Amino acid sequence: MVKHFEFDSIVVGGGGAGLRTSMQLAAAGERVAVISKVFPTRSHTVAAQGGIAAALANVSDDKWLWHMYDTIKGSDYLGDQDAIEHMCKNAAAAIYELEHMGMPFDRNTDGRIYQRPFGGMTKNFGESSISRTCAVADRTGHAMLHTLYQKNIELKTKFFIEWIGLDLIRDEDGDVLGLIALELQTGDLGIFHAKNTIFATGGAGRIFQASTNAFINTGDGLGMAARANISLEDMEFWQFHPTGILGAGVLVTEGVRGEGGYLINSNRERFMERYAPSAKDLASRDVVSRAITQEVIDGRGVGPNKDGVYLTLSHLGEELINEKLPGIREISIKFANVDPVKDPVPVVPTVHYMMGGIPTTLNGQVRDGVSQKEVNGFYAVGECACVSVHGANRLGSNSLLDLIVFGKAAGQHILDSSKNKKLKKLPKDVTKKTIDRLKKIDSKSSLENPREVGEELRATMQKHCGVFRFPQLLDEGLVKVNELKRRIRNLSIQDNSKVFNTARTEALELQNLIEVALATIASAKNREESRGAHSRADFPKRDDKSWLQHSLYNPKDGSLAYRPVKMKPLSVKSFPLKERVY
Amino acid sequence: MKISIYRFNPDTDKKPYNKVYDVKRTESDTMLLDLLIKIKATDDSLSMRMSCREGVCGSDAMNINGKNGLACVTKIDELKKPIVIRPVPGLPVIRDLVVDMKQFFKHYDSIDPYLKSKKKPPIKERLQSQEDRKKLDGLYECILCGACTTACPSFWWKPDKFVGPAGLLQAYRFLVDSRDDAREERLDNLDDPDRLYRCHNIMNCADVCPKGLSPSKAIAGIKKMQIATKKPKFKTIKKIFHVQESKK
């Protein structure tokens, strides 16, 4: 059965970015629906811990221009300076808005919002560390997501919960006219016909074996975009969070180091002093992750296989840990069998965040291909999008900010620009390709088991596209991932029932993951330099002459094109290129 | 290791049954969810919800050896064997361990779970003292997994009327927020023998909450407020007493 729905706008994804966009539209009385494959508060925004950055200056003097500089430097100069200015300039207002909605921020003694130091956040253009990250203990994402969902309840936003998006609807002109989705509870298909389709589908960290990401982070939006021949930008840049719990992969917030925790190796040495003499443990995440990996390579690792390091915070005292890092204590006890009040927590760099994504303008409009022309009716916001504010490396606590600033911008742009827009006619046989794909998964003609192929994909990405990248491994990896793509076309599940068939969901998710993995390894193989999170053993230096440009991966033929980085901000002077040291 | 799991697929099964799986546990399997994932790898028809695998998204609430909890933060070592898994009780089963949570969320929506303030907010943040902010601790952390509400006999009895521990915990979260000024309206909304007073302090909610929260305490707080800030409607009091008398 195929159900048919019509809306002004549909938002795909119920995390922070999606809910901020829908809020903007619902408040203006638009006919908007949010389509989410999980209940909105189960979205991965909920797992963000440490905080959300904005130069509120609640603890010490601060300026959005400093935040802008830190973000540009953090991005290793790959971030677009106009987008970064937009984000940092609008950060404070976005935080105040969340507070007004009821977000339960921690407070200073004067009653203002509490802020803590975070990696790469500095005062006066790199002088010293600054408290810029607004926090709700170590549950900031949870508090933000619930607040945004609550606001949407107040605004009576329409939700389609436990529907997974399968394919974009694009007509002959290349315009996007909506989405084909699958209702998990019934197994029915739905055509969501809309003037505007906003992707807020989140990340895809599940292409790697060791990941802080939830099981749902399978790059569904990127998969759909790729199948609709939309290029993906900067896909080689994946953030390895320095402190995932060794073995379990569960995230331990950078806020631990913000509050004064630090890393030690097997010699009990504070090794970050050697790698980042000034910022030490609060250097950018890419820098810290490489340092830890180097310590392990050099034989100074800890744990049964000597493949991690220790994060120590016991010196902070039980009281502070209980007040500011209660979730971390809970997680460490549960997943590492360690009470951080007494003992250090074994950690390892773990895949965490996708800097790349679907290319967009400052208003969230998707830019297509080499021409970078805007796609009519199509927007992307949040982790699935690449504006690009994070460039080659995201600063901690800039991602929650990205969600709400650009979620709002996209919503506002739709309100401003699509008043007189008419709903275009749907193309003929709009569901054909999707139904064929579903049928193939259900037909037991092929033998590829999604679990096995998925495991192979994750292991391949982990080995061939890690913290340090080697030319031979990249070459072999690309061949392997291409081979896996052929196999993934022939996935087959044993269970063909309709109601809440999670085997089918997982097969469909794997067909999205493979698009992301292929874009990642192809882009990584092509970029012959080291910048931010992309670290090539054979090209260890940043090469601004050849590579100060964004990658654009074309999913149609696997080719790569490039576009220059926007060095010109909106209103302030450009920040010139500099060597990046912490 | 043997695990018995409740199975029901409306497409193929006339009635539910328990299926016993024999699963080989390895060193890396620490949580119950690890085992369930392993089982699903051999039997892809087993259906359940899961996402963050660290106890913050609230997807994988289920009934484990008779007690509600999250599979992802339940240690295998701490469970009596053989492990018996069922869906959380009190809600309709969609399939296997997946229950229909519409009723649960309807109650959540009914308490108006958002800040209400008639005052125009300042340009910057509203100020809130650390003491006032502390009042929200133990309340805002709820992950809406439903473990508490579906463990509550009062909810089983009147699932369509009793708001349940999760909903009431959130009601209290807004009642004690110094920034909210709709206290009376909120109390009015709950001044009802079924919506609020169905709670008889059985405390299952606090016992099962995977985040260590106490809805029971919050509900007692709401009842206290009802009495302190405004007299509960006579009808309500009468009805409560009537219920208690008839029980004797």
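Modeller: Helices (H or I, at least four residues) and strands (E, at least two) are DSSP runs, numbered from the N terminus. By that count, chain B holds nine helices and seven strands. Two notes on reading what follows. Residue numbers start at 1 in each chain, following the sequence as written, while chains are lettered from A and ligands numbered from 1 in the order in which they are written. The model is predicted, so local features need pLDDT of at least 70 and side-chain atom pairs count only at pLDDT 80 or more, whereas totals for chains, interfaces and linings use all residues; side-chain values use heavy atoms, with hydrogens and water left out.

A residue is called buried under 20% relative accessible area, exposed over 50%, and partly exposed in between (1.4 Å probe, protein chains only). A:E236 is buried because its relative accessibility is 0%.

What does A:E236 touch, once its neighbours within four places in sequence are left aside? Contact here means heavy atoms within 4.5 Å, and the partners of A:E236 are A:R469, A:T520, A:S523, A:A524, A:R527, A:H534 and A:S551. One of these, A:R527, is joined to A:E236 by a polar contact of 2.6 Å between the side chains. A polar contact is a pair of N or O atoms within 3.5 Å; within protein, one must be able to donate a hydrogen and the other to accept it, and residues adjacent in sequence count only if both atoms are side-chain atoms. You can also see the chain folding back here: 281 residues of sequence lie between A:E236 and A:A517, yet their C-alpha atoms are 9.5 Å apart.

Now step across to A:S523, one of those partners. It belongs to helix α16 (residues 502–526) of chain A, and it is buried too, because its relative accessibility is 1%. A polar atom of the A:S523 side chain lies 2.6 Å from the backbone oxygen of A:A519. Beyond four places in sequence, A:S523 is in contact with A:M235, A:E236, A:Y553 and A:L560.

Let us zoom out within chain A. Its domain assignment (the bounds come from an automatic or database assignment) gives domain 1 (243–350) and domain 2 (432–564). The centres of these domains, taken over C-alpha atoms, are separated by 30 Å. Seven residues from domain 1 and five residues from domain 2 take part in their contact.

Elsewhere in chain A, two helices cross. The axes of α3 (residues 81–89) and α12 (residues 399–417) come within 10 Å, at an angle of roughly 100°. Axes are lines fitted to C-alpha atoms, for helices over the stretch in contact, and angles run from 0 to 180 degrees between N-to-C directions. From α3(A) come A:A83, A:H86 and A:M87, and from α12(A) come A:L401, A:D402, A:V405, A:F406 and A:A409.

Most residues other than glycine have a negative phi, and most peptide bonds are trans. In the loop between α2 (64–74) and α3 of chain A, A:Y77 has a positive phi of about 70° although it is not a glycine. A:Y77 is buried because its relative accessible area is 2%. In the loop between β18 (385–386) and α12, A:S388 is joined to A:V387 by a cis peptide bond, with omega about 10°.

Finally, a stop in chain B. B:Q170, in helix α5 (residues 164–175) of chain B, is buried because its relative accessibility is 4%. Among the residues B:Q170 touches, beyond four places in sequence, are A:Q150 from chain A and B:Y108 from chain B.
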